[in-house]
Amino acid sequence: MVFSSFIFLCFFLPVILLLYYLIPNNNFKNAILIIASLFFYAYGEPVYIILLIASVIMNYVFGILLSKKKSKLILTISVLLNIGLLVVFKYLGLIISTINGILPGDYLPVVSIALPIGISFYTFQALSYVIDVYRGDVKAQTNFFKLLLYISFFPQLIAGPIVKYHDISEQITNRIHSSQKVKEGIYRFTTGLTKKILISNEVAKVTDSLYALSNSQFDVLSAWLAAFTYLMQIYFDFSGYSDMAIGLGKMFGFDFLENFNYPYMAKNIQDFWRRWHISLSTWFKEYLYIPLGGNRKGTLRTYINKYIVFAATGIWHGANWTFLVWGLYHGTFLVLEGLFARFKLKDRFKFLNKISFLSFIPTIIIVMVGFVIFRADTLLQGLSVIKAMIGFGASINIANSIMYLTPYYIFIYVLAAFFATNVSRKLFMKIQGKSEVIKMILSFVGLILCFMSLASDSYNPFIYFRF
């Protein structure tokens with residue numbers, strides 16, 4: 001079940017909200033959310049609900065054990081078992097294929113296991129819990145059902161944001177419910193739904209069509225169009241989903257941390273990662289980068305740690321070498337930025353300070369090229385698109401792109417580019433600040449347009465489901 005579907009919008013959500021607010025007791029409210037979350041997950045993958053519950057049981061036990069004895073051995077076993085679930089269900093096929101590719105002959109049979117939806121997200125949430133307990137940042141949860149709610153809560157279960165236990169532990173027991181919070185949640189949910197359906201879905205049609213071209217067909221026009229549309233698709237898809245998750249959380253009294261902050265306005269790659277998928281980047285910072293030593297063990301070790309973190313960030317997204325290369329690509333630019341600062345090159349090239357307000361332009365180009373690798377099915381396809389972008393592709397064939405350069409699509413591209421900037425935020429805050437009625441009208445119009453789009457078009461992918 002996806003948020004942008006009729007069954008969720010017209011049946012699941014209204015029924016759960018009605019039941020939730022008819023019940024005054026917080027424990028019973030939690031029970032409603034647990035049942036709803038398990039049903040939500042089972043609707044798409046009934047078999048793998050067993051894996052989800054098993055993961056919760058396992059980490060519940062480890063939490064209790066770590067509360068009684070602060071043991072590195074117990075922590076190590078819990079981390080290895082959690083990561084082991086990811087390896088088996090997400091990376092085993094890639095590992096076996098790689099081994100078979102290195103050794104002569106197919107020594108190992110390739111195992112094909114369906115990827116459980118959301119396993120990367122809920123595994124990282126479970127890890128944050130046991131590590132927080134080990135560190136003493138939180139007390140072990142002795143109520144199994146409260147831990148089950150934390151890990152399985154449907155708004156963030158299948159595509160994040162990754163909610164760290166120490167950020168939400170208190171809210172599971174005590175949280176504030178108010179009509180104002182519900183209203184804010186509805187507005188936020190509608191914003192995310194609009195971003196997802198009216199922008200991401202539309203540019204996704206262009207992206208998918210262009211990436212269906214053979215490697216030899218990419219020319220400079222189709223390559224740049226493919227790169228741009230995917231840049232917009234992944235942002236509005238994932239930030240839209242995060243908006244919906246945050247909005248849903250507010251409807252049920254929860255406050256989730258922000259996951260995006262206009263990343264395409266970033267001044268450099270480090271700034272980009274402070275703005276993009278914030279819950280993932282902060283998770284790796286807290287639970288991998290800092291434990292590795294962060295920047296406390298010298299310059300060389302700092303750069304090595306950054307490469308390790310971004311290699312992990314890349315491979316977290318999927319079992320494909322394209323993701324690993326994408327992660328190392330970002331790690332490389334972060335290291336280069338570190339060297340740039342270390343040798344104070346800005347002092348040597350003072351003209352850069354005068355044009356610092358344009359620094360988002362090279363940053364967005366670096367990010368766009370990175371996403372070409374990220375989106376490509378193979379490294380060869382990614383390299384083919386990048387080669388075409390710099391003029392080493394096929395001769396320009398307008399037929400590949402002309403159908404996606406109509407006034408309608410150009411309007412969508414301009415709309416996407418505008419709403420990807422904080423200029424749009426300032427404008428809407430100014431408009432909405434003048435009248436609550438205007439805010440309601442904009443949300444209502446957006447919702448109606450979304451329903452019209454859903455009724456007329458069945459194309460409704462969610463990128464992050466495969467992660």
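Biologist: Is Cys10 buried, partly exposed or exposed?
Modeller: Keep in mind this is a predicted model. Cys10 has 36% relative accessibility, so it counts as partly exposed.

Biologist: And how many disulfides does a search of the whole structure find?
Modeller: The search comes back with 0 disulfides. For Cys10, the nearest cysteine sulfur belongs to Cys450 and is 12 Å away. A pair would have to be within 2.5 Å to count.

Biologist: What about Cys450, buried or exposed?
Modeller: Cys450 is buried, because its relative accessibility is 1%. Cys450 is in no disulfide either, with the sulfur of Cys10 as its nearest cysteine sulfur.

Biologist: Switching to helices. At what angle do H2 and H3 pack?
Modeller: About 140°, with the axes 9 Å apart; H2 covers residues 26–44 and H3 covers residues 49–68. That angle makes H2 oblique to H3, because the antiparallel class takes angles over 145 degrees.

Biologist: Which residues make that contact?
Modeller: From H2 you have Leu38, Tyr41 and Ala42, and from H3 there are Ile49, Leu52 and Ile53. By class that contact has 6 nonpolar residues, with no polar and no charged ones.

Biologist: OK, on to H17. How far apart are its end C-alpha atoms?
Modeller: They're 22 Å apart. H17 runs over residues 360–375, and at 1.5 Å a residue its 16 residues should span 22 Å, so the two values agree.

Biologist: How many residues of H17 are buried?
Modeller: 12 of the 16, so H17 is largely enclosed by the rest of the structure. Among the buried ones are Met368, Gly370, Phe371 and Arg375.

Biologist: What do those buried residues pack against?
Modeller: Helices H9 (179–211), H10 (220–251), H11 (269–275), H14 (321–342) and H18 (379–389).

Biologist: Last one, H13. What span should it have at 1.5 Å a residue?
Modeller: H13 is residues 299–316, and its 18 residues should span 26 Å. The end C-alpha atoms are 26 Å apart, so that agrees.

Biologist: Which of its residues are buried, and what covers them?
Modeller: The buried residues of H13 include Tyr303, Asn305, Lys306, Phe310 and Trp316. The cover includes H4 (72–102), H5 (119–135) and H12 (278–289). H11 and H14 are also part of the cover for H13, and both pack against the buried residues of H17 as well.

Terms used:
Residues numbered from 1 in each chain as written. Predicted model: local features only at pLDDT ≥ 70, side-chain atom pairs only at ≥ 80, totals over all residues. Heavy atoms only, no water. Axes fitted to C-alpha atoms, helices over the stretch in contact; angles between N-to-C directions. Helix = DSSP H or I, 4+ residues; strand = E, 2+ residues; numbered from the N terminus. Parallel < 35°, antiparallel > 145°, perpendicular 65-115°, else oblique. Contact = heavy atoms within 4.5 Å. Nonpolar A, V, L, I, M, F, W, Y, C, P; charged D, E, K, R; others polar. Expected span 1.5 Å × (residues − 1). Buried < 20%, exposed > 50% of the residue type's maximum accessible area, 1.4 Å probe, protein only.
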